[in-house]
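Hi,

Here is the structure I promised to send over. Have a look at it first, then read my notes below.

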Amino acid sequence: MVLALIVLSPFVLVIFNSAKKSADIVISPVAPPLNWGQMLINMQNVINNQNFSYWKSFASSLFITVVTLVLLTVFSCMAAWVLVRNKTKWSGIIFMIFVAAMVIPFQVVMLPLLSTFREISSFTGIKLLSSYVGIIFAYLGFGGSMSVFILHGFIKGIPKELEEAAWIDGCSPEGTFFRVVFPLLKPVQMTILILNGIWIWNDYLLPSLMLGLNGRIKTLPVAVSSFVGSYVKQWDLILTAAFLAMIPIIILFLFAQRQIIQGMVEGAIK
């Protein structure tokens, strides 16, 4: 319970200070708000603020998250299935590369990533920086390692006889995967969707580097920084905007938490 209080304390502070004026936050940031109606006023100020562009930022975050999760789930399932069913030296090496990529800190590769994307853009003409294509491509690379690792353990527990029966009935390898294997991966797919969804939705560093703080495309975490100036920090709007950004992913987590635990456990022991 002590650990739960420590973990929940930042979230409680965000809620408390979302219902205060900026001056009250500076005076007593830990105290409960005296007027909860101030939260609705702060929300209206955030949503109507021209610099924040809440709905545009919300749409950008939603598009990036949904497209990335769909592609990441499909590609990771395909990659994990091939690595499990093809027992060769190369499949083992490739799987270990996926596992090794999980331990590389993002801070180590973020500058080479930007320079590489810039060179690829100039060579191919495909804009990777300050674009949806580039950031989705980057998220696929960074999220693929953990997704393949979890799926790899789960697919080992699927009887190969199911796939052999489909082959006998004349099903192609692609048909076997999408008609037989892919539907069986639903529990662990939910785990991948939620874990990667929380990370992508809340991520600040990668969008700020690839999209820019003042770029045409802004995600919600990046848009929150518009309330932070060199000399003035609008704490009431900053914390309210952060609270509004949290709400969708919290709701998703509450509805899917059972599938998260089930998928992680089954993927670990099979």
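Two residues are in contact when they have heavy atoms within 4.5 Å. Leaving aside its neighbours within four places in sequence, Asn42 is in contact with Ser18, Ala19, Lys20, Asp236, Leu237 and Thr240. Before you go looking, note that this is a predicted model: local features need pLDDT of at least 70, side-chain atom pairs count only at pLDDT 80 or more, and totals for chains, interfaces and linings use all residues. Residues are numbered from 1 along each chain as its sequence is written, and side-chain values use heavy atoms, with hydrogens and water left out.

Is Asn42 buried or exposed? Buried means under 20% relative accessible area, exposed over 50% and partly exposed in between (1.4 Å probe, protein chains only). Asn42 counts as buried because its relative accessibility is 1%. You'll find Asn42 in helix α3 (residues 37-47); helices (H or I, at least four residues) and strands (E, at least two) are DSSP runs, numbered from the N terminus.

Zooming out, the chain has 13 helices and 0 strands. Of its 270 residues, 39% are buried.

Now try α6. This helix bends by about 30° at Pro112, where the bend is the angle between axes fitted to the seven residues ending there and the seven starting there. Its buried residues are Phe106, Leu113, Leu114, Phe117 and Ser121, and what covers them includes α7 (132-155) and α11 (205-210). Just after α6, Gly125 takes a positive phi of about 85°.

Cheers
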